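Dear colleague,

I am handing over the structure below, together with some notes on what was found in it. Please read the notes with the coordinates open.

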Amino acid sequence: ESGSENLSPTKQRYIEETLADFREAGADLPSEQKKRASEIQSLLAELTQKYSENCLDGTNAWEKIVTDEKQLTGLPKSALDAARQSAEEKGTEGWRFTLQAPSYIPVMTYADSDVLRKEVWSAYAAIGRSGEHDNRQLVRQILDLRHEFAQLVGQKNFANHATERRMAASGQAALDFGEEIFQKVRSQFEKEAEQLRRYKAAEEDLPADHPSLLEPWEVGYWAERQRKANYAFDEEALRPYFPIDHVISGMFEIAQQIFGLRIKERHTSKIWHEEVQFYDLFDSEANEHLGSFYADWHPRESKRGGAWMNYFITGNRDPSVGERSPHLGLICGNLTPAVGDQPALLTHREVETIFHEFGHLLHHLCGDVEVKSLNGVNVPWDFVELPSQIMENWCWERESLDRIARHHETGDTIPQELFDKLLAARNYMKASANVRQLAFGKMDLELHMHWADSPLEDIDAFVENVLQDYSATYKTQPKSNVFNFSHLFSSPTGYAAGYYSYKWAEVLDADAFTRFQKEGILNAETGRDFRVKILAKGNSEDPAKLYKDFMHRAPDPDALLRRDGLIA
């Protein structure tokens with residue numbers, strides 16, 4: 001450590017963080033234990049790889065061919081077309097369904113046939129639980145090894161090991177965080193389950209206290225029917241208002257206004273496809289070129305799915321090294337492409353996705369950190385989604401929505417009636433959605449804190465015990481997804497003891513956005529403050545301190561529940 005005291009606070013933090021990385025991996029241990037630590041890591045790499053393959057193979061091992069179209073009522077045309085195409089590709093007649101999400105979700109949501117839904121649900125629930133793709137033993141081994149590793153490096157359990165340098169700072173704190181939210185939404189969650197049972201009873205002329213009222217394979221279907229009945233809201237009705245070029249230029253406009261930036265397209269030959277665009281980003285006051293980025297929005301065969309942001313170059317911000325230089329990044333999506341001579345029209349969900357990834361990109365491009373590896377998105381796991389998730393809020397406010405949404409033929413903004421429906425549908429069954437995420441987070445933490453000392457022999461019994469209040473009552477009680485949950489067991493660490501951080505970041509973004517709601521959605525001073533205190537700082541200081549600098553207080557978990565319409 002000697003000699004580091006003359007360094008800037010950021011460089012001192014870099015040294016501390018780097019040493020902590022080594023210690024966390026067991027670099028300080030005596031040689032016998034060090035050897036065991038590295039054995040554990042390579043065992044975990046093997047076992048988690050095998051778990052991941054079992055999930056994939058178990059998913060791919062099942063298919064359902066339907067030849068009688070009468071069994072498929074309720075399914076939208078897009079799902080039927082996809083199933084028909086899938087059958088043709090496999091050289092069979094009829095419609096082919098699989099356990100992959102794009103096939104599974106429409107069946108569970110729209111298929112009128114109880115028999116079909118039950119069959120598909122049962123197959124999905126069995127992944128990782130039997131036969132040659134059985135993960136039950138692997139999960140026990142992975143949990144045991146993680147626990148042993150945590151104890152080797154001086155931690156009580158793996159959750160403490162994983163959270164020590166995150167905002168939560170301990171497994172118990174992460175557990176308490178989830179429990180506090182659960183207690184506040186619990187009665188609303190129970191009410192939603194009860195409403196769904198009553199809705200089904202009324203639709204099917206059954207007595208409301210009928211014991212066999214709801215099965216787990218019926219929930220998605222009846223929830224969708226109830227949503228349609230209550231909100232009569234069709235996402236497709238919004239599409240004409242989101243032509244992609246207007247959405248992007250509107251998003252740039254909002255970012256320019258609130259964050260004090262200027263974005264200018266530059267034509268360059270250095271692109272990999274003619275659809276890719278290239279932009280320069282400047283500070284609007286100093287006119288400094290902060291960075292540049294590529295934007296690649298539409299699907300192509302050679303491109304992976306989803307949406308993401310990458311950074312290619314982190315510019316220099318260290319005066320002792322020389323001149324400042326621009327950052328370089330990339331934003332990618334697989335958005336609905338144009339059809340014929342009509343422009344690409346997006347769903348509201350796709351618009352949210354663009355804003356989300358653009359938030360990650362701004363975190364990189366606005367970075368002002370003298371140590372490159374502490375810039376931008378290189379922050380603790382439960383803080384990294386704040387800059388991206390906060391951007392999604394501008395997709396829900398009338399004032400900012402009018403900047404991005406214009407009908408591609410008439411130029412009109414979204415009619416008030418449609419906007420009201422969008423808002424009402426936003427919070428439909430929101431307590432249930434919250435509890436689902438909280439249950440995953442709790443299961444994850446409990447397994448990585450208390451399974452090692454549990455008197456229970458069986459993981460299913462353990463999980464059922466810790467989650468008993470977190471699931472609605474069904475006639476057939478479903479088992480957990482612990483043997484088919486890639487987030488937790490498909491890599492040596494991954495989201496293990498970290499699943500809570502999705503909710504954690506949601507709290508941060510809902511809470512931080514309240515400052516914009518108070519001071520003005522498009523308030524340039526608030527935006528500049530966010531840029532200087534959060535975006536520019538990367539991991540140069542403790543995130544809890546950065547958050548306090550911006551909000552002048554600690555995060556308030558109630559902000560999320562207010563936004564979700566769960567508390568007044």
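**Helix packing, sheet and pocket**

In this predicted model, the axes of helix α8 (residues 171-203) and helix α15 (residues 430-449) come within 9 Å and cross at roughly 150°, and the crossing is left-handed. On the α8 side the contact includes Gly171, Leu175, Phe182 and Phe189, while α15 contributes, among them, Val435, Leu438, Leu445 and Met449. Sorted by class, the residues of this contact are 11 nonpolar, five polar and five charged.

The model also holds an open sheet of five strands, with mixed pairing and the order β3-β4-β5-β7-β6. Because β3 (261-265) and β6 (308-313) stand at the edges with a single partner strand each, one side of each is left without a neighbour in the sheet. Neighbouring strands are turned against each other by 25° on average, direction ignored. Strand β6 runs antiparallel to β7 (residues 327-332), to which five bridges join it, and Asn310 stands opposite Leu330 in β7. Helix α10 (residues 244-259) lies across β3, β4 (277-283) and β5 (289-296), and runs at about 150° to β3.

Finally, there is the second largest pocket, whose volume is about 380 Å³. Of the 15 residues that line this pocket, Glu17, Asp21, Arg165, Val379 and Pro380 lie nearest its centre, and helix α1 (residues 9-24) gives the most to the lining, with five residues. The lining as a whole divides into six nonpolar, four polar and five charged residues.

With best regards

Note on methods: Residues numbered from 1 in each chain as written. Predicted model: local features only at pLDDT ≥ 70, side-chain atom pairs only at ≥ 80, totals over all residues. Heavy atoms only, no water. 1 Å grid on protein atoms, 1.4 Å probe; cavity = no way out; pocket = protein on both sides within 12 Å on 5 of 7 lines; lining within 4 Å. Points joined across faces, edges and corners; volume = space filled by probe spheres on them. Helix = DSSP H or I, 4+ residues; strand = E, 2+ residues; numbered from the N terminus. Nonpolar A, V, L, I, M, F, W, Y, C, P; charged D, E, K, R; others polar. Axes fitted to C-alpha atoms, helices over the stretch in contact; angles between N-to-C directions. Left-handed = near helix turned anticlockwise from the far one by under 90°. Contact = heavy atoms within 4.5 Å. Pairing = 2+ DSSP bridges.
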